[in-house]
Structures are given as C-alpha cells and as structure tokens.
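Some notes on the packing and strand pairing of this model follow, as numbered points.

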Amino acid sequence: MTTFPAIRTLFLTALTAIFGLGAAHASDEFDLSPQQPARLHAARNDAAVAAIPKDFKFVTPGKFTIAVSPGGPPLATYATDAKTMVGADPDYAYAIADSLGLTLEIVPVAWIDWPLGLTSGKYDAVISNIGVTEQRKEKFDFSTYRQGLHGIFVKSDSPITSIKEPKDAAGLRIIVGAGTNQERILVKWSEEDVGAGLKPIELQYYDDEAASLLALRSRRADVIVQPHAQLVFIAARDKNIKRVGTLSAGWPDRSDVAIATRKGSGLADALTIATNGLIQDGTYKRILEHWHLSEEALPASETNPPGLPKY
C-alpha cells in the first residue's frame with residue numbers, strides 16, 4: 001500500500017517539475033529587472049496635451065500619478081528588487097505620461113481599493129487591467145487600451161489545436177475559476193452545446209493555480225481557461241502548455257480594458273488621444289509585443305465605449 005509520505009513526495013516532486021525550473025524559463029522571455037532597459041519612451045503628443053482641461057489639477061504638478069495593482073506578470077508585478085513596479089501596464093503608463101509631457105508616478109494599491117482612492121483624489125488615474133462595465137461607467141470615465149481576453153490553453157502535447165466556439169469545447173473537461181466571468185460564459189457554451197445535441201462541457205474547479213496546472217498536466221483535465229495574460233506568463237515559465245484560443249471577456253461581444261479616471265474630470269479624452277497616438281506611431285504595438293500580449297491589441301482607443309452589462 002502506498003503511504004501518505006510517499007504520495008506527498010510524489011506530489012511535491014510534480015510541483016517542483018512544474019514550478020521549480022519555471023522561474024528560470026520565464027526570465028528568458030520576460031525581463032523583470034528594475035532597470036527595464038528595453039522600456040519604450042514616447043514623444044510628447046501636443047493634441048493630447050491640448051485636450052487636458054485647463055482647470056484639471058494633477059495630484060502632483062508636473063506628474064501623472066496612477067494607481068497600479070501588482071497582480072502578477074506580465075501585466076504588473078514587483079521587479080527583482082521587490083519594490084519597482086514592472087510589466088505591460090507600467091510600460092503603457094510611462095508612454096502615456098511621456099505623451100502628456102509629464103513624469104510618471106506609480107502608486108501601488110490593492111486592486112479592491114482603487115475605486116475609493118480614485119474618487120478621493122489620491123491619484124489621477126488607474127491603469128490596472130480594469131474592464132469597462134456599465135456599472136463602473138456610472139462612477140468613472142474610461143479610455144480603452146487593451147481587449148479583455150481569457151486564454152484557452154491545453155497541455156503542449158494535447159491533440160486539441162483550436163477552440164473558437166462552443167462546439168469546439170463540447171465534451172471537454174475544462175478548468176475554470178468558480179464565480180468568474182469565464183465560468184459564466186462556459187456555462188452558456190455548454191447550454192448551447194446541449195441544445196445542439198452535443199455533449200455538455202465538464203467544468204472543473206480547483207483551490208489554487210498549482211492544483212489546476214497539476215490536473216492539466218496529469219490529464220485529469222483537457223483545458224484551462226483563465227485571464228489570458230496570466231496563462232501567457234505561465235506558458236513561458238513552465239514550457240508545458242500552449243494556447244489554442246482566446247475568449248472575449250464580454251462574449252459574444254468584445255470587452256475592453258481601460259484607464260479609469262474620475263467621472264466628469266475631463267481627462268479621459270486626453271488619455272484616449274494619447275493612446276491613439278501611441279497606436280499610430282507603433283509604440284503601443286511594441287509594448288504589447290514585448291510582454292507577449294499582441295493578441296490583446298485594440299485597433300483604436302475609445303472614451304466610454306459600451307461596457308459589460310449588469311448581470
């Protein structure tokens with residue numbers, strides 16, 4: 001009979017195989033140093049500067065003060081010095097500050113705290129993977145800068161090559177977070193499959209990332225669906241999963257990620273103009289490419305587009 005210590009040893013060995021060498025692999029593709037030598041800088045955008053309301057007062061004169069939640073790479077995390085914020089969102093923020101002719105000031109915040117901090121005037125804006133929703137639009141203005149995507153990933157040697165629509169997922173065992181937007185969408189996908197005479201999707205839930213990835217690697221699940229950026233980093237780190245599709249956070253419609261500003265402050269239009277300038281001159285594209293997020297690119301930035309409805 002296999003003893004508990006033996007099982008525990010096998011489990012820890014598996015986790016080591018998944019995570020132990022992963023940091024070294026990820027560092028080959030993602031620079032998490034505080035120096036960020038490859039960070040791009042943008043030229044001043046006079047049209048964006050002119051769009052800043054004359055009566056708008058920045059938290060600190062001459063600075064663009066933003067809040068960022070260090071939720072994890074490649075979007076935003078602490079660098080190897082454990083204090084400098086790096087990632088795609090900080091890089092984009094630096095480019096926006098350059099466009100406005102300002103110096104960037106980053107304020108780390110817990111994600112749950114950004115709404116109160118923004119309304120109370122602690123920072124000028126929040127750039128932290130915030131999706132546009134109709135409920136949030138009641139209190140904040142938005143300037144879009146990325147698509148909100150969920151990643152659809154499988155084990156590297158999986159025979160599954162593409163998942164684009166509900167029928168592609170029929171009968172599959174899919175790992176998803178409980179209570180998440182992606183769970184809501186996959187439940188609808190499964191209902192569509194059943195209605196079309198196909199097998200339902202089997203949703204699987206795990207307590208943490210390690211358990212989820214171990215289930216995928218041990219073939220107890222076929223697919224994992226999480227926010228796209230998270231899985232991009234995991235794929236680079238672990239070298240044992242691959243993308244077979246993406247899913248809009250607003251499926252069947254597009255859902256965008258945006259800079260949040262105080263409602264009626266007037267700053268959103270300037271930020272939209274600045275973002276479109278970065279798109280037009282190629283800076284935006286190169287930032288997303290650097291962090292392996294090209295799939296999340298927008299063709300153009302918008303101020304206060306339609307957001308996810310209230311569910």
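1. Helix H10 of this predicted model has 10 of its 11 residues buried, so the rest of the structure largely encloses the helix. The buried positions in H10 are His-228, Ala-229, Leu-231, Val-232, Phe-233, Ile-234, Ala-235, Ala-236, Arg-237 and Asp-238. After H10 comes Lys-239, with a positive phi near 60 degrees.

2. The largest nonpolar core contains 53 residues. Helix H10 (residues 228–238) supplies the largest share of this core, 7 residues. The residues with the most contacts inside the core are Phe-64, Ile-66, Ile-96, Leu-100, Ile-127, Leu-267 and Leu-293. In soluble globular proteins, nonpolar side chains tend to be buried together.

3. Apart from neighbours within four places in sequence, Leu-100 contacts Arg-44, Ala-48, Val-49, Ile-52, Ala-270, Leu-271 and Ala-274.

4. How many residues of strand S5 (residues 125–131) are buried? The count is 6 of 7, so S5 is largely enclosed by the rest of the structure.

5. Strand S5 pairs with S1 and with S12. S1 (residues 63–68) runs parallel to S5 and is joined to it by 2 bridges; Ala-67 lies opposite Val-126 of S5. S12 (residues 256–262) runs antiparallel to S5, with 3 bridges between them. Ile-130 has Ala-258 in S12 as its bridge partner.

Technical notes. Residues are numbered from 1 along each chain as its sequence is written. This is a predicted model: local features need pLDDT of at least 70, side-chain atom pairs count only at pLDDT 80 or more; totals for chains, interfaces and linings use all residues. Side-chain values use heavy atoms; hydrogens and water are left out. A nonpolar core is a set of buried Ala, Val, Leu, Ile, Met, Phe, Trp, Tyr and Cys residues joined through side-chain atoms within 4.5 Å. Buried means under 20% relative accessible area, exposed over 50%, partly exposed in between (1.4 Å probe, protein chains only). Helices (H or I, at least four residues) and strands (E, at least two) are DSSP runs, numbered from the N terminus. Contact means heavy atoms within 4.5 Å. Two strands pair if DSSP finds at least two bridges between them.
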